[in-house]
Amino acid sequence: MVESIRGEVPLSNIFDTGLFDLEEAYGMPGWVQELEGKHTPESEAYGLHSFVYRARAPFHPQRLHDFLQNPVTGLIRSKGYFWLASRPEWVGSLSGAGKLMNVEPVGMWWAASPKSQWPRDVALRHEIEARWQEPWGDRHQEIVFIGDRHLDETAVRKMLDACQLNFTETRKGMAHWRELQDPFPQWSRTAEVIEA
């Protein structure tokens, strides 16, 4: 076992260790079952349920913060990207395990960056443009939720939909959004861990 903080370990502990034996792995029953298409997915074997929440509207910072403060029955893991109305240039990362929720910035949306700073690679630019949707460009919510059989997908979706700006708030525009009550700490490269 190798202890790590936030997944950071010396690469020498992972690569070229000489610990993997192809013949031994091939002799394992799970390996053969996987090759023969007889492997039972972990979601079935352990009664897991997962779904992806996607939306194009921004989250109201206070309502999202309140949602993150309350544990969701059956939720085991969550991970993804989001945008807060009060911080329209920032891409936020959400990563949760159990009662711990990590929220931090991971960069800027392309929509908040001058095109002169976009990648020069043609394929990557096409990928950005393919995801582009007016009026907000590439800004979106995309969070994966993994839970046990008690995770109520419909309820979680409704709670997250309620975290989005409503019609009246949306119409007020980004200048107003920046003034919304925002309980999250100022973003830099430091993370906030929330324990419910």
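Predicted model: local features only at pLDDT ≥ 70, side-chain atom pairs only at ≥ 80, totals over all residues.
A residue counts as exposed when its relative accessible area is over 50%, and as buried when that area is under 20%. Values between these limits are called partly exposed. In it, Arg54 has a relative accessible area of 55%, so Arg54 is exposed.

Arg54 takes part in a salt bridge with Glu142. The closest N and O atoms of this pair are 3.1 Å apart. Arg54 belongs to strand β1 and Glu142 to strand β5, and the two residues are 88 apart in the chain. Glu142 reaches 26% relative accessibility and therefore counts as partly exposed. In total, the model contains 5 salt bridges.

Lys79 stands opposite Val144 in β5.

The side chains of β5 alternate. Gln141, Ile143, Phe145 and Gly147 point to one face and are buried.

In soluble globular proteins, nonpolar side chains tend to be buried together.

Leaving aside residues up to four places away in sequence, Phe145 touches His49, Ser50, Phe51 and Tyr53, among others. Its contacts also include Leu75, Arg77 and Ser78, as well as Val156 and Leu160.

Tyr53 is also a partner of Gln164. Gln164 lies in the loop between α6 (153–163) and α7 (167–171). Its relative accessible area is 14%, so Gln164 is buried. A polar contact of 2.6 Å joins its side chain to that of Tyr53. Beyond four places in sequence, Gln164 touches Tyr53, Ala55, Ala57, Pro58, Phe59, His60, Arg63 and Glu169. Two of these contacts of Gln164, Arg63 and Glu169, form a salt bridge with each other.

In the Glu169–Arg63 salt bridge, the closest N and O atoms are 2.7 Å apart. Glu169 sits in helix α7 and Arg63 in helix α4, so the pair ties together parts that are 106 residues apart in sequence. Glu169 is buried because its relative accessibility is 14%. Arg63 has a relative accessible area of 26% and is therefore partly exposed.

A further salt bridge joins Arg178 to Glu89, with the closest N and O atoms 2.9 Å apart. Both partners lie in loops. Arg178 is in the loop between α8 (174–177) and β6 (192–195), and Glu89 is in the loop between β2 and β3. They are 89 residues apart. Arg178 has a relative accessible area of 42%, so Arg178 is partly exposed.

Note on methods:
Residues numbered from 1 in each chain as written. Heavy atoms only, no water. Helix = DSSP H or I, 4+ residues; strand = E, 2+ residues; numbered from the N terminus. Buried < 20%, exposed > 50% of the residue type's maximum accessible area, 1.4 Å probe, protein only. Polar contact = N/O pair within 3.5 Å; in protein donor to acceptor, adjacent residues only side chain to side chain. Contact = heavy atoms within 4.5 Å. Pairing = 2+ DSSP bridges. Salt bridge = Lys/Arg side-chain N within 4 Å of Asp/Glu carboxyl O.
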